[in-house]
Amino acid sequence: MISHDVDMIYWLFGKPQGGSALSTERFDIVSAHYRYPDGKIINAQADLSLQGDVGFEMSYRVHAETATLVFKENRLTIYPKDGRAWVYEHSGDHGYYREIKYFANKLLSNGNIEISKPEDSLITLQIAEAERESALQSGAFVLLSAH
């Protein structure tokens, strides 16, 4: 369920040192934390138990030294440390479209996959598996292998 979040976190920040997670018995609610050697802590949450017409929401917030980035309701707002907030203007197409287009072009041209290689997918699965392992151990911190 949270594999897309794990994949995005890995793509943006690299492989974490390890992490911990809490979940319901059926894994329909998950709260995970990832720790990095440089001190970063990343949190991801997913909830499939929402009732009624709540609807799907994808959002994220990244705090950096000079700004905070907030993606919500399909808008990326930049909040600089010194200055006024502004909205990033993008081309209008979404990452999923560009991802599918990239893979289709590589398949049609018989080209090599250079972005999101199968090895990256394996690491994403290893991170998700460590998350599941942690949840089964009541949130115990689980180290990831260095490979």
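Start by selecting β1 and β2: 6 bridges join these two strands, which run antiparallel. Strands here are DSSP runs marked E of at least two residues, helices are runs marked H or I of at least four residues, and both are numbered from the N terminus. Two strands count as paired if DSSP finds at least two bridges between them. Strands of a sheet pair through backbone hydrogen bonds, either parallel or antiparallel.

Before going on, note that this is a predicted model, in which local features need pLDDT of at least 70 and side-chain atom pairs count only at pLDDT 80 or more, while totals for chains, interfaces and linings use all residues. Residues are numbered from 1 along each chain as its sequence is written, and side-chain values use heavy atoms, with hydrogens and water left out.

Next, select Leu 22, whose bridge partner in β2 is Ser 31. Then go to the turn: β1 and β2 form a hairpin with 5 residues between them, and Phe 27 in that turn has a positive phi of about 60°.

Now show the whole sheet. It is open, has 4 strands in the order β3-β2-β1-β8, and its pairing is antiparallel. The edge strands, β3 (41-47) and β8 (142-143), each pair on one side only.

Move to β1 (residues 18-23) and β8, an antiparallel pair with 2 bridges. Select Gly 18 to find Leu 143 of β8 opposite, then Gly 19 to find Val 142 of β8 opposite.

Helix α1 (residues 3-13) lies across β2 and β3, at about 160° to β3. Helix α3 (residues 118-136) lies across β1, β2 and β8, at about 55° to β1. These angles run from 0 to 180 degrees between N-to-C directions, with axes fitted as lines to C-alpha atoms, for helices over the stretch in contact.

Last, select Tyr 34, in strand β2 (residues 29-35). Is Tyr 34 buried or exposed? Tyr 34 counts as buried because its relative accessibility is 4%; buried means under 20% relative accessible area, exposed over 50%, and partly exposed in between (1.4 Å probe, protein chains only). Not counting residues up to four places away in sequence, Tyr 34 touches several residues, including Val 6, Gly 18, Ile 42 and Glu 131; contact means heavy atoms within 4.5 Å. Val 6 is 28 residues from Tyr 34 in sequence, and their C-alpha atoms are 9.6 Å apart.
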